[in-house]
Amino acid sequence: MEIEHRHLSINNLNLHIAQIGKDELGTVIFLHGFPDIWYSWRHQMVAVAEAGYRAIAPDWRGYGLSDQPPDPENASWQHLISDLLGLFDALSISKAFLVGKDFGSFPAYLFALLYPDRICGVVSIGMPYLPIPISHDPLPEGFYINRWQEPGRAEIDFGRFDVKRVVRTIYILFSRSEMPIAPEGKEIMDLADLSTPLPEWFTEEDLSIYASLYEKNGFTYPLQIPYRAMHNMGGINVPPDLTIQVPVLLIKGEADYSYKHPRNYQKEGIMQKYVRDLEITFIPDGCHFVQEQLPDQVNQLIIRFVKSHPMNT
């Protein structure tokens with residue numbers, strides 16, 4: 001089996017999807033985060049296809065091989081939910097599993113909340129379900145999210161280098177266990193240079209593929225979603241009950257820098273209050289990119305989860 005590629009016309013945009021496998025047991029849709037694109041799911045897609053599922057990994061609008069929307073400054077989460085619903089309908093998918101990583105978990109949770117009859121279950125890599133506002137106030141001004149939320153600052157920082165150097169730096173910083181925080185007088189891109197080695201599980205070939213995909217759209221939309229439109233729901237009618245009714249598996253790498261956030265929402269047990277059927281698994285050495293770093297472990301967890309929640313139940 002080989003991964004195939006096609007474009008779907010959804011919401012007046014040509015959105016790219018990668019897919020592999022037949023839906024003998026169901027469909028699994030993989031939703032990437034930042035700086036990811038569909039390619040970050042390459043290991044998982046093959047594994048779930050070999051297990052009897054159809055695997056689909058879209059590039060979000062403005063990412064990878066998908067079209068850049070004409071008005072990226074007006075980005076909202078509603079657009080991603082609408083695109084995801086359009087993908088379901090375009091491919092005649094009545095029900096599926098959603099696997100999200102990083103910000104990709106947020107639309108997965110939200111979609112499950114809005115359309116529970118179309119979701120068999122949700123797997124999240126690293127991102128808990130938090131139906132409450134997230135504050136980064138305890139973190140210093142140099143924290144990367146604070147920096148990238150500031151209009152124009154990341155554009156100037158990134159613009160000093162080519163796309164490949166930017167992706168390389170972000171992958172290096174995000175694969176560490178320490179939070180990316182720039183000291184006074186420095187920018188986020190200054191925290192690594194070309195002498196800093198890539199993670200051993202991320203090759204120069206992988207980097208080249210990522211860079212080639214980011215060269216199409218650049219970072220305009222990725223800086224809006226997730227960073228600058230973090231709280232822009234775009235008029236989504238969120239139900240009054242924020243409890244997720246479908247099964248959820250959270251896979252958390254204990255070496256993920258986000259685990260160092262001063263407000264450790266996971267340890268506060270907030271997620272347990274809002275998910276009826278919740279399983280949490282920790283991978284001791286797992287970093288922010290655990291699905292690429294330790295694919296066999298992550299694949300086994302995903303396949304076990306989807307097989308334990310068959311579509312006909």
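R304 and E279 form a salt bridge in this predicted model, their closest N and O atoms lying 2.6 Å apart; the term covers a side-chain nitrogen of Lys or Arg within 4 Å of a carboxyl oxygen of Asp or Glu. R304 belongs to helix α11 (residues 295-307) and E279 to strand β8 (residues 278-283), so this pair links distant parts of the chain, 25 residues apart. Helices (H or I, at least four residues) and strands (E, at least two) are DSSP runs, numbered from the N terminus. R304 has a relative accessibility of 39% and therefore counts as partly exposed. E279, at 26%, is also classed as partly exposed. The classes are defined with a 1.4 Å probe on protein chains only: buried is under 20% relative accessible area, exposed is over 50%, and partly exposed is in between.

Residues are numbered from 1 along each chain as its sequence is written. Because the model is predicted, local features need pLDDT of at least 70 and side-chain atom pairs count only at pLDDT 80 or more, while totals for chains, interfaces and linings use all residues; side-chain values use heavy atoms, with hydrogens and water left out.

Over the whole structure, the search finds 16 salt bridges. One of them joins D36 to K101, with 2.8 Å between the closest N and O atoms. D36 sits in the loop between β3 (27-31) and α1 (42-50), whereas K101 is in strand β5 (residues 96-101), so the bridge ties together parts that are 65 residues apart in sequence. Are the two partners buried or exposed? D36 has 0% relative accessibility and so counts as buried. K101 is likewise buried, at 0%.

A further salt bridge pairs E204 with R168, where the closest N and O atoms are 3.1 Å apart. This pair also links distant parts of the chain: E204 is in helix α7 (residues 204-217) and R168 in helix α6 (residues 163-174), 36 residues apart. E204 is partly exposed at 43% relative accessibility, whereas R168 is buried, with a relative accessible area of 10%.

Salt bridges can also join into a network, as they do for E141, R147, E150, R153 and E187.

The loop between α6 and α7 holds S195. At 60% relative accessibility, S195 counts as exposed. Its side chain makes a polar contact with the side chain of D193, at 2.4 Å. A polar contact is a pair of N or O atoms within 3.5 Å; within protein, one must be able to donate a hydrogen and the other to accept it, and residues adjacent in sequence count only if both atoms are side-chain atoms.
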